[in-house]
Every structure is written in C-alpha cells, then in structure tokens.
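Good morning, and thank you for coming. Please look at the structure on the screen, and I shall then describe selected parts of it.

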Amino acid sequence: MALTLWLADAEKRRSRNEARRVFVQETRGVAEAVRLQLDQCGHLIRAFQSIFIASQTVTEIEYVRAYENMQSNGAARVSLQALAYAERRRQADGDHYVTTMFAPQSGNLAIRGLDVNSQPSNLQALERSRDTDELSMSAPFALRQSGRQSLGDGFILRLPVFAPGTRPGTVQARRAAIVGSLGASFRISDLIASALPDAPEQLADVVVEDVSNGAPRPLYSQAFAGHAVGASRSEYSVPLQFGGRTWKVVARGVENPEGGSWLLVLWIGAAISALLAALTWSLVSTRERAITLGTSMARRFQASEERFRKLNELLPCLVLLAREDDGTIVYRNATARDRLASSMQAGRLADLLGQEVMVRLAAADTDVLLTVDAQLPGADGGSFWASLSLSTIELDGAPMWLLVASDISEQRQLTERLSYQASHDSLTRLYNRREFEARAQSLLKLPGHGDGALLFIDLDQFKIINDTSGHSAGDELLVQLAAVMREKLRPGDVLGRLGGDEFGVLLRGAATVDAALMAAERLRSSIEGFIFSWEQRTYTISASIGVVMLAHATTLRELFAHADAACYMAKDGGRNRVHVYAEDDTAISSRLGEMEWANRIRDALRDGRLLMDYQELHPLQPGHAGGAHVELLLRLRGEDGGVVPPGAFLPAAERYGLMPLIDRWVVETALGNLDRIHPHGSRLATCAINLSGASLEDEGLIARIEHLIALYGIEARRLVFEITETVAVRNFIASSALIARLRALGCRVALDDFGAGMSSFGYLKNLELDMLKIDGSFVQNLASDRMSQSIVKAVTEIGHQQGMVVVAEWVSSQEMLDILAPMNVDYAQGFALHKPERAVFQRDADQRYSDQRDG
C-alpha cells in the first residue's frame, strides 16, 4: 500500500510538473516572439537611418520616397504608425527638436512642427539615444492621428542623426554633433497581438507590462478562448529589456484537473496488495501498466520536443547549431536549408562564415553575444548579406555555437540606391551639384591642385525650347547633351549637372590655360554642332563656357564665383563662346564686385542692417493741408558700422534679383512703424515708399500691403507708392494693374523721375496717378536753362489738368524755389529745404552703433 500511495502521489506530481513545464515553455515562447517583433522594429528604423548616413541633406520628397521604397520592399510592419525626423534647433532656452519630415503624411499632419521637448517621455528617449548612440525606446503614451480618435497606447523608437564626419565617440561629442533624431512610432496592441499564439495549450491569459520605472504599467492583455483561469492558477513572468526600457510578460496557466489516473493506480495497488500472495498474474499486469505509463510519458516528452522543433522550423531567420570544438554544423532549420548552398548543409562553420569572422569569434568573450554582417553562400549559386548573431550554448553536456542570421540584402541594396540618388541627378544621371562640389573641394585640398580647371557651362536660349515644345523636350535635350559631352571628355574628368541648364566639368591634370581652353572649345563646338529633333522639329543650341584654373582659387566659393563671372562674360560678349578667368580682367573684377555686394546685401537683410531715412516735401503754394510729407530713402550699414549710400549697392541688388526682398522689407518696416518715422508721429500726413520694377511681378505684394494696413489700422491715403517713369513705360500693362490695385486699397500713387526717360506725355492720361514728380535733371538747371523752365512749366500744367499733385525734386537753392513757386508747382523736395534724417524708430540703434565704435 505504501508503494501504491507513493505511485499515486508521483503520478499527481508528474502531471502537475508536465503542465507547468509546458506552461513555462509557452510563456517563454511568447516573450521571445515579442522580442523578435521589437528587433524587427529596430531593424526597420536602422534601415531608414541609412538614408541620413548616405546623404548630408535629405529633402522631404526624398524622405517620403525612401519610406515608399521601404514599404514596397516589405520593410514596413502593421504596428508602424509614423516615421518622423526631428531637426535640432538651438534656441535661447536650449536645444529644441522640431519635427520637419514624416511619413506616411496621411493621418499624421498633426505632428508637423511638433516640438519633441513638449513630450517628456519622447524627449527622454531622444536624449538617451543621442548620448549612447544606441536604439532607445520611449515610455508608453496614447497614440493619436489627425481627425481620428485614440489608437491606443504606443511607443517611439529613437536613433540619432549626427553631422557628417567621424562618428563621435563620447557623450560630449555626440551632444555637439547631433543634427536631428529619427523616431518611429508603433502601436503596442498590434505589435504584441502578432506575437501571441492562436491556440496555446497551457496559457489562460497573458499580460504585458512596462516595469521600467518600478511600478508596473499594463500595456496589453489577452485571455485565450476555451481556457478558464483556475482559483489556484500558476503564474510565470519573463522580463524583456529593449531600448533602455524593461517590459515583463506575465502569463497565467489554465486550471489542470489532476484526473483519475492516480485513483486508478491507488485502486490497482490496493487490489494487488490484497491478492499479491495468491495471484502471480497480478505482478505481470502491474508491470505491463508501468510499461504503458512510461511509454505515455516518453510520448509526451517527444511531443513537447516536436513542438519546439516546429516553432524553430517556422522562424523566418536562419538558425544553425555547430560543435564548438571542430565547427561541424549539426542542425539547420528550414530557412537555413532553403537559403544556404547545398555544400554548406553539412559543412563547417569556418567554411560558411569565412576566416575573418572566425577570428573575431575566437577573440570574443564566450558570454557575450557577437553580432556581425557577412556574406553567406546562397542556394542559387550567388551570395546574400546577412546580419549574424552568435552565442555559445550547452546541449547534452557538449558546448555548441548557436547562430541566428537574418537576410539584410534588401536593406543594403536600399542603402546603395539611396546613396546613388543622393549623389546623382535623376534626369541626366550625371553627378548633382552637391556631389560635384564635393569632388571639386577634394581637388582643392590636394597638394598641387593647380593642375586642373573648372568649366562652367550655361546653355544659350534653352528657355526657347521649353517655351515652344514643352518641358519634356527640354528634359530630353538635356539628357542627349549630357551624352554628347561625355564623349568629348577623358575618363578621369568629372561632368555634373549644377542645376537647370547649367553643367560643370572638372578637368584633372589640365596644367595650362591652353589645355583647358582646348577642352572647353571641344565641348562648345560639339554642343553647337548637335542637332536636336523633337516632334518633326529640329533645334540647334549653343553654350557659353567660363574657364577658371584651380590655381586661381583657394576656396570652393571663390572657385565657383570666378567660373560664374567668366561664364557671364562669355554670355555678355555675344554667347556661344569661351571666356577664361584672369586675375587682371577688369570686367570680371566688376562682375565679382557686384556678386560680393549681392552677398553683403543678403547678410544685411539677415542681420537687420538696412536703414531708413526720410526727406521732407515742403509746399510751395498756400492752402495745402497741414502735416509733414516725407519720402523714405534706403541706406545700408556696412560691416564696419559706416553708412553705405544706395548707389553703391542697389545696382547689384537689381542685377541679382534682390529688389523684391528689399521692397518687402521697406514696406513691412515702414507700415509697422508709420507713426514712429517722423517726429510728428501720428500727425504725419503722407509717407512715400519707392517700389522697384521687380515688384511689379511680386504676386503677393499687394495682398501683403492690404494685410498690413488692416493689421496696424493705417489710413490708406497716408501711403504714397512711387514708381519710376522708366519702369512704368517698360512694363505698361503690369504697371497699370499695380497702380489700379493700390488705388483700390485707398493708397496714392506717384510717378517718380518724370522726364528722365524722355517719353511721350500721351501715356499719362492712361495711368491713374495722384502725384507727378519732375526729374531733378530739369530742376537743377532752372536758373540757367530756359528749355528746362519750359519743360517744368509744361509738365506742371499737364499734371494739374490730370488732377495730379506736382513735385519738383533736387531743389538745392532759394533761387530755384523762387522760380518754381510762380510756375504753380505744388511741392518741392531737396537739400535746400531738408536734408535726409534717420527714421525716429532707428535712432536708438544708431546711438548704440556709435557707442560701440567709440568704445
């Protein structure tokens, strides 16, 4: 009976232990599956990080295309919600990370411009990834998308993006080198649900918690259908550490009735005990039952082992086992058997991985997981790239190498493709401007870089083809011309498309100007001789080429400035020619001077160094309304603090298209400070603002003026906008439209410098003007030139007939005033009446500059 009771108790314990073993194994399987999902999320964001490693500057279009390519390659996952890039911006209160690019854009528009600093958990993950240069996971948070309700909890994986150059090795270096951060948000419920089994044997429910901060926070829970949780249920937990945070998978087992097998053992044992003395056959019967019981237990063990093997066989990764002593491969899962070459199926680990990886493996600590990238021989006879993770385990007392590998061929191909796209023009397949400048910069850094030249090629009249046959024809012409130019260059020369219809060539080894000139002429003549056919039309085209020797420049900016100036001289000389830069060329020096002024103007706009003076207009006739009338005059403060007159910098601004920016600055500054321009303040009667010819084509200027008038509550009739006669006549239709729109706002319009263009009086009746300003060239000769007197008198009479106020400019003496007043001229303006003064609102800044210079 004692033996019977022991067998019954052993049966009960065996049943419970077997259920516990299966339960623990299934729980660990769930934890490993969740871990695999997190690893795939990590691989996804690392693959996307490669576009920032391959390219110094990633545009939003490239960013979205890369995301679309990644989706087409199967890299995206169901749990992924958004891939966002936050740009580092330094502000007074510290660094801010503002989201500038994201994909997909549908449903995620709310994160544009999002400051990561406003989300503490997100910011902590960003800073942790920045300081460690490792993948970092944020604390769970509620996901939301534009126009949609909450999507449940999610998390963000973060990777830093550092500035180009050597990878920073310290925390301080990483904090200084970071330029942005990549963040990928994932939906926790989708991620974990995809890792759970459909019909577990011993799992009743599973709960996943975040225990990173001590107190557990539930992330996901699921009860499995058909399994009831018993009152005395078993529980088992597995911690997961990933991205600096700790999750815990907690599972509870099903209620396992102990069944009646132990009662059967007890009953049989009692019967055997009673009949043992008389019934020998009962001993045989008991032995048979013991054998049956052992067989059943063996089958259960085999079934458990089979389940483990099937799970391993279904993994998408390559799994191999090899003996540590001689490297013989003893096991391969289904993926490994399908992907690896047949010669590797029963080979050695050294033959599979190569000598370099085996040397690293031998030198590594056996307790540390070794991760490397290597090329493996494929079943198709080629090879593929894989990310390998190797570790040691012990099976049946024998040390083994465990290798898990995932195919990263698509990821590497994507990286290579993105690298090519970042350095080549998508239309012509030539180097783009960024790559071309990088190669030019590398030549300038080489010792003896003087043996080389830069050719700057600008196609002549290319716009005609675009206008007559469309942009498709223009694109095809650029593609064909790129092929024509390639044929005329040596293998070592570098050809790139710099933008639009501009190309660049780096001639390596061109030791003399003659050699560079010959190469340029060869290219020019090949372009001139090329005949382009498009839809039954033929075109010929030419090119203007600027040549500069590398020895004539020390910086990339200086090199391209010289080349651009030389090309400009070629165009100015009649086009279809080559011009070589020379340091003593006065025309090029003038061109470079204007280019330098253009850069100085941009710096002044950026640094707030434009100045505003005012000059008063004085009435010459009695009865005019009171209050001051002024015209605003533009000045520029130089880098040394001195004031630069407009004649020194406005010609460069007009040539390089900067006048719309200057006009906008004047309009916005004047209207924003209208009552602080003149000492009269709000009693200032009129304020005249000059508009350049370039502003005629500024579509948003009138709308901006209307907005500013409403914003500052300005009485529109106080504003007088001046347009020169030459601008009005040169573009009569645009000028008429601009004048009509300004007058519709209630503003007044003046025609400035009238008479300077020597135009007919006829167009005056077709322009709706309020004021006519006589050019100073007629006014300054009034005392000695009767013809000037007649012209001024005639202009005044015609202006009055048209209902306009007439103003005489450049009045420099009392004698001129005595002549103008009897002619009924309404106002006079000049040094005899008032010398320009700095606007009142800028006088404090003037004093600060003066104090700094004196100090």
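**A pocket, a helix and the cysteines**

The second largest pocket has a volume of about 1,000 Å³. A pocket here is an open set of points on a 1 Å grid over the protein atoms alone, where a 1.4 Å probe fits, with protein on both sides within 12 Å along at least five of seven lines; the volume is the space filled by probe spheres set on the points.

The model is predicted: local features need pLDDT of at least 70, side-chain atom pairs count only at pLDDT 80 or more, and totals for chains, interfaces and linings use all residues. Residues are numbered from 1 along each chain as its sequence is written, and side-chain values use heavy atoms, without hydrogens and water.

The lining of this pocket comprises 34 residues, and Glu631, Leu633, Leu650, Asn690 and Asp752 lie nearest its centre. Among the elements supplying at least two lining residues each are strand 24 (629–637) and helix 18 (646–655); helices (H or I, at least four residues) and strands (E, at least two) are DSSP runs, numbered from the N terminus.

I turn now to helix 14, residues 471–487. Its buried residues (under 20% relative accessible area, 1.4 Å probe, protein chains only) are Ala473, Gly474, Leu477, Leu478, Leu481, Ala482, Val484 and Met485. Its 17 residues should span 24 Å at 1.5 Å a residue, and the end C-alpha atoms, 25 Å apart, agree with that; the expected span is 1.5 Å times one less than the number of residues.

Finally, the cysteines. Cysteine 317 is buried at 18% relative accessible area, and cysteine 687 is buried at 0%. The whole structure contains 0 disulfides, meaning pairs of cysteine sulfur atoms within 2.5 Å.

How values were computed:
Buried means under 20% relative accessible area, exposed over 50%, partly exposed in between (1.4 Å probe, protein chains only). On a 1 Å grid over the protein atoms alone, a cavity is a set of points where a 1.4 Å probe fits but cannot get out, and a pocket is an open set with protein on both sides within 12 Å along at least five of seven lines; lining residues have an atom within 4 Å of a point.
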